[in-house]
Amino acid sequence: MDRRPGLSARLKLTLSYAGFLAVAGALLLAVVWAYLLRYVPDNAQGLLGISPNRYLLVHTFAPAAAVAMAFLLVFGLVGGWILAGRMLAPLTRIRDAARTAGTGSLSHRIRMTGRRDEFRELSDAFDSMLGQLESHVAEQQRFAANASHELRTPLAISRTLLDVARKDPTRDRGELIERLYEVNTRAIDLTEALLLLSRGGRGTFTREGVDLSLLAEEAAETLLPLAEQRRITLDVTGGAAPADGSAELLSRMVTNLVQNALVHNLPSGGAVTVHTEADGGTSVLRVENTGPVLPPELVATLTEPFRRGTERVRTDEHAGVGLGLAIVQSVVRAHDGSLDLVPRPAGGLLVTVRLPAAP
């Protein structure tokens, strides 16, 4: 990238150093003139007839002072250029790293060594930013690839069904319509989930007072038939947990957590406990369920979009699209909260959501 016409930072610092040194030298000479030569008599005999007079001192001092000023100026320019180069060397490394990142390569790091000064802090902050950007870009690329794959699947199935119906006119149209309806419904659910995930990530919503305990009761009431169908005990405990945010998004968050706890549970005889409470300036929602034992490395990936562990894949009507916990995490982040997933030693998962309490 070509620099626009103008003085470089190194030249500006050099001129500043040289100018400061020249001004300091001039002030020193002025002090000498004011407090030394003023006491020298200005007559032909000098002081007591043996010392030189002011005229002789001035004509002797002036050339030496001019030489000293010229030396200070040259020394200030040369020394300032060298010092400015040494001081700005870390910025050159940061500039080169920024240009490398601008070409799309985010794996480069400055890793500046030495004492922790302002340049070292800037370098560390830049490395941290590059790390976050690299992680974010990789996550977005995985998300785009997975979303494309997930959206392509129902379209491919629909095309296959239509090709089969076209080649076999005698095939039962009722069965075809039912299969196409199921595939289309799944595609619509996936699209709506992607839109909700995008909306939650942007954080563009109207905030209002929301009680998480009421949302938990509504979600439990809505999902009670599913719990009864699977013979799972569903309990809601705790007290009021006022939060400040979008009622729609927070309701979807609670519903996703409860539904996830019901779907990924024991085949029968399982339990799900939803607990809400206010803890100082934080509103807490805990969803705990029984189920198979989950390895920690699997739990760490559950909030990533479309990441389904083999132990958690289901093929029934409640299989979902792999965005349940990803939407939960997106909503929690948009509300400046935190999400913790901890595997239970006996099996199952403990999910804890902490949101800033409503004022």
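This is a predicted model: local features need pLDDT of at least 70, side-chain atom pairs count only at pLDDT 80 or more; totals for chains, interfaces and linings use all residues.

1. Let me begin with helix α6, which runs over residues 247-263. Its 17 residues reach 24 Å from the first C-alpha to the last, close to the 24 Å expected at 1.5 Å a residue. The buried residues of α6 include Leu249, Leu250, Met253, Val254 and Leu257. Two asparagines, Asn256 and Asn260, are also among the buried residues.

2. How do α5 and α6 cross? Two packed helices are described by the angle between their axes and the distance between the axes. For helix α5 (residues 212-229) and α6, the axes come within 9 Å and cross at roughly 40°. That angle makes α5 oblique to α6. The crossing is right-handed. On the α5 side the contact is made by Leu212, Leu215, Ala216, Ala219, Leu223, Leu226 and Ala227. From α6 come Leu250, Ser251, Val254, Thr255, Val258, Gln259, Leu262 and Val263.

3. Next, please look at α6 with helix α8, residues 324-334. Here the axes come within 9 Å and cross at roughly 145°, and the crossing is left-handed. In α6, the residues that meet α8 are Leu249, Leu250, Arg252, Met253, Asn256, Leu257 and Asn260. Their partners in α8 are Gly324, Leu325, Ile327, Val328, Val331 and Val332.

4. Is Ala227 buried or exposed? This residue of helix α5 has a relative accessible area of 0%, so Ala227 counts as buried. Leaving aside residues up to four places away in sequence, Ala227 touches Ile232, Leu234 and Leu262.

5. Finally, the structure holds one aromatic pair. The ring centres of Phe71 and Phe75 are 5.9 Å apart and their planes lie at 20°, so the pair is stacked; planes under 30 degrees apart count as such. Both residues sit in helix α2 (residues 54-102), and because they are four residues apart there, about one helical turn separates them. Phe71 is exposed, with a relative accessible area of 54%.

Terms used:
Residues are numbered from 1 along each chain as its sequence is written. Side-chain values use heavy atoms; hydrogens and water are left out. The expected span of a helix is 1.5 Å times one less than its number of residues. Buried means under 20% relative accessible area, exposed over 50%, partly exposed in between (1.4 Å probe, protein chains only). Rings of Phe, Tyr and Trp (its six-membered ring) pair if their centres lie within 6.5 Å; planes under 30 degrees apart count as stacked, over 60 as edge-to-face and the rest as tilted. Axes are lines fitted to C-alpha atoms, for helices over the stretch in contact, and angles run from 0 to 180 degrees between N-to-C directions. Angles under 35 degrees count as roughly parallel, over 145 as roughly antiparallel, 65 to 115 as roughly perpendicular and the rest as oblique. A crossing is left-handed if the near helix is turned anticlockwise from the far one by less than a right angle, and right-handed if clockwise. Contact means heavy atoms within 4.5 Å.
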